[in-house]
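Please have the sequence and the structure open while I talk.

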Amino acid sequence: MTPLPQPAPDPRNHYLVPDYAGMEALVADLVVPANASMYVMSALETSRELIRHSYYRYEFATVAVSHSLFALEHLLTERLATHASLQDLITRATTAGLIAPELAAELDRSRQVRDGLARGTRSSAVILPLRAIDLVRTVFDAVSLLLPTSTPQPEDRLAQLWDDHERAPYPDGFRGIDIAGVELILLDADTAGLVRTELNGGLDENGIAGLWWCIAGLDKVVPLIDSEYCASYFANLRTLARLTVARHLPSAT
């Protein structure tokens, strides 16, 4: 079997980092809030990974800015209990004192980029990667400010995310698909089965070892999935797996 060609670095990013591993330092502080909903977590995680992979495709940086606004718009709609344009939501949140005017101005710059992309008046290469990181970081900061200050207990959060996952349909067109030697539907079934076992009574040592194996598989395939919904589905599954194994880690002393 002929091996698949490896992606080549985008030459427009030659100044950014010496290699792909260097992208980790650029996105290290883009930490998804632990008390965010699965939808918000997925949008933010996807935005962060788009920036990471802009090493291979310059335009991903601009797409990351646009995608991060899904999380912001969703959260503002919930927090303000109203459906309106993102521009109006940002204005209302500023008036209500939920976000500072300076932060709102940066968020609106991202909104203008997204609207320009939708209208075809801006290209997907309009934002430099370093500027995109700043704009996405602003969205992460705003989301952190807008979320409730009380964090759900890990047990409650795992159960909540599991309920969300059970309601999410398996991605169309990805049954029987193998990525990097990992069959996606089997990885989904194995991971979900172990999480379900944990919620129904707890994993034994073999189950915990199996879940670590699943996490390794998810870490391998998630960055390689080229469907936005499928990548989001398996990123959420990875979050479930990580929350589950975290129950079995020794407490810090």
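Which residues are buried in helix 6? Before I answer, please keep in mind that this is a predicted model. The buried residues of helix 6 are Pro-129, Ala-132, Ile-133, Leu-135, Val-136, Thr-138, Val-139, Phe-140, Ala-142, Val-143 and Leu-146. Helix 6 itself covers residues 129-146, which is 18 residues, and from its first C-alpha to its last it reaches 26 Å, close to the 26 Å expected at 1.5 Å a residue. As for what surrounds it, the buried residues of helix 6 pack against helix 1 (23-27), helix 2 (38-53), helix 3 and helix 5 (101-119).

The axes of helix 2 and helix 10, the latter being residues 228-246, come within 10 Å and cross at roughly 110°, which makes helix 2 roughly perpendicular to helix 10. This crossing of helix 2 and helix 10 is right-handed. On the helix 2 side, Met-38, Met-41, Ser-42 and Glu-45 take part, and they meet Ser-232, Ala-235, Asn-236 and Thr-239 in helix 10. By class, the residues of this contact divide into 3 nonpolar, 4 polar and 1 charged.

Turning to helix 3, its axis and that of helix 4 (residues 86-95) come within 10 Å and cross at roughly 55°, and the two helices are therefore oblique to each other. Here helix 3 passes helix 4 in a left-handed crossing. Leu-69, Leu-72, Glu-73, Leu-76, Thr-77 and Leu-80 in helix 3 meet Leu-86, Leu-89, Ile-90, Arg-92 and Ala-93 in helix 4, and that contact has 8 nonpolar, 1 polar and 2 charged residues.

Helix 3, residues 60-80, also holds Thr-62, which is buried, with a relative accessible area of 0%. Leaving aside neighbours within four places in sequence, Thr-62 is in contact with Val-113, Leu-117, Ser-123, Ser-124, Ala-125, Val-126 and Ile-127.

Not counting residues up to four places away in sequence, Leu-199 touches Leu-158, Ala-159, Trp-162 and Arg-247. Leu-199 and Leu-158 are 41 residues apart in sequence, while their C-alpha atoms are 8.4 Å apart in space.

Technical notes: Residues are numbered from 1 along each chain as its sequence is written. This is a predicted model: local features need pLDDT of at least 70, side-chain atom pairs count only at pLDDT 80 or more; totals for chains, interfaces and linings use all residues. Side-chain values use heavy atoms; hydrogens and water are left out. Helices (H or I, at least four residues) and strands (E, at least two) are DSSP runs, numbered from the N terminus. Buried means under 20% relative accessible area, exposed over 50%, partly exposed in between (1.4 Å probe, protein chains only). Contact means heavy atoms within 4.5 Å. The expected span of a helix is 1.5 Å times one less than its number of residues. Axes are lines fitted to C-alpha atoms, for helices over the stretch in contact, and angles run from 0 to 180 degrees between N-to-C directions. Angles under 35 degrees count as roughly parallel, over 145 as roughly antiparallel, 65 to 115 as roughly perpendicular and the rest as oblique. A crossing is left-handed if the near helix is turned anticlockwise from the far one by less than a right angle, and right-handed if clockwise. Ala, Val, Leu, Ile, Met, Phe, Trp, Tyr, Cys and Pro count as nonpolar, Asp, Glu, Lys and Arg as charged, and the others, Gly among them, as polar.
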